[in-house]
Amino acid sequence: MTTTTTRPLQVEAPTLPDQEELIRRLLSDTPLLKDTSDHLLQVVNVLESYGLVLDAYSRNLVDQGEKQLLNPFPVMRFFHEGITVQRIWDHLLGDRINFEYAEYCQKAMFWHGTGGLDAYLDSEAFQQACRTIIQRKSRHDPLLAMTNRLYPGFAPESIRSLTTIYCLGLFWRVMSDLFIDLARRYRIKEVVSVKDVVHHIRDGLVAAAAHPITYKVSIAGEEIWVLPPEAGLTFLVDVAVPYVEAVFFRGMPFLGTVSYNAQARQISPDISDFKYGALYADPIPSMGAGIPPSLCMKDMYRNLPAELNRWYDDHERGQVDVHVQICVSFQKSMFCVTNGAIAGTMPHVLDTTDPEEQQANRAYAEHWTSRLMGCRREALL
């Protein structure tokens, strides 16, 4: 009598796309994210949820830019819709949009300081605007006058930070409308593939590319330009691309997850080498109040479309780990946004026959894919 041993079926792990494959996808107008029906459903719906959240974030940040200039105690900055007893109570109970995540993104942009916006904030024109604002406001604000004499760098830095807040609000206004319109087009079958999603984002970014980024404040009835039209700042190059760099790629290490002790060497001393952005993040939100992405997942959960909620019910552990599933879907969607941003800023059209233009496109794709090699490429499968 003989016995046969049944060996378990060996399933090979999918191969992660290497840099050459990512370059091929970018240059052939193939999405970085695998084009499947599940990916399409996740990406469109999570971006709709994110678009609704960004609507609230945008309104709040723009309101801060308009009303919180040099406010030493902006404790009510999250109440842009007005202050009522009910809103204060809901805020204390956590039944609210978590604007702290918006501030995390702003701080990342402010800290890393890349692109045309940051270059202008270093200019003499901006410094002169700061001096004018401080001088005008100090006439009616003795605390500011005293603080400025003791710490002359404090007020200009505060204006610089608030300017970044306002510009991020303008950026998110465009992205919120773009994502909500994507969901509309998906429902009427104009968007039927991940490639369509990337094209929608690319075209939206290109359409808004030249929109001017300007900012002025009113002090005692006098309007003062902080970012004047002649600064020549525009949406795509000066705000959108720096946002992708700061939030998608670099980010900031979260308190409580890594040691800030220099001797531990868990954080690079060179912030340009940071890899804490959305494209690198492991999808394990702790749901702790101090972890900004967890706050964003909570905000999106409050606005999940029914189609995506049902899909989560039937995948992984259902609603038990829904925040983790949102994180996974969100990361996939951010690869699509990055894909659209790269496509929208490609030096030349992809179907060019000029060898020099083809080489320029390849060099551009090589630059971005070298950054993507350290990201969670498994999210693309």
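What follows is a short tour, starting with some ground rules.

This is a predicted model, where local features need pLDDT of at least 70 and side-chain atom pairs count only at pLDDT 80 or more, while totals for chains, interfaces and linings use all residues. Residues are numbered from 1 along each chain as its sequence is written, and side-chain values use heavy atoms, leaving out hydrogens and water.

"Buried" is under 20% relative accessible area, "exposed" over 50%, and "partly exposed" in between, with a 1.4 Å probe and protein chains only. That core has 108 residues, and Tyr50, Tyr57, Trp172, Tyr243 and Phe248 touch the most other members. Helix α8 (residues 154-187) gives the most, with 15 residues; helices here are DSSP runs of H or I, at least four residues, and strands are E runs of at least two, numbered from the N terminus.

Strands β1 (residues 215-219) and β2 (residues 222-227) run antiparallel, joined by five bridges; pairing takes at least two DSSP bridges. Tyr215 sits opposite Leu227.

Now the salt bridges (Lys or Arg side-chain nitrogen within 4 Å of an Asp or Glu carboxyl oxygen). The count is 26, including these:

| Pair | N to O distance |
|---|---|
| Lys67 and Asp63 | 3.0 Å |
| Arg160 and Asp122 | 2.9 Å |
| Asp321 and Arg317 | 3.9 Å |

Lys67 is exposed at 56%, whereas Asp63 is buried at 11%.

Notes
Core = buried A, V, L, I, M, F, W, Y, C linked by side-chain atoms within 4.5 Å.
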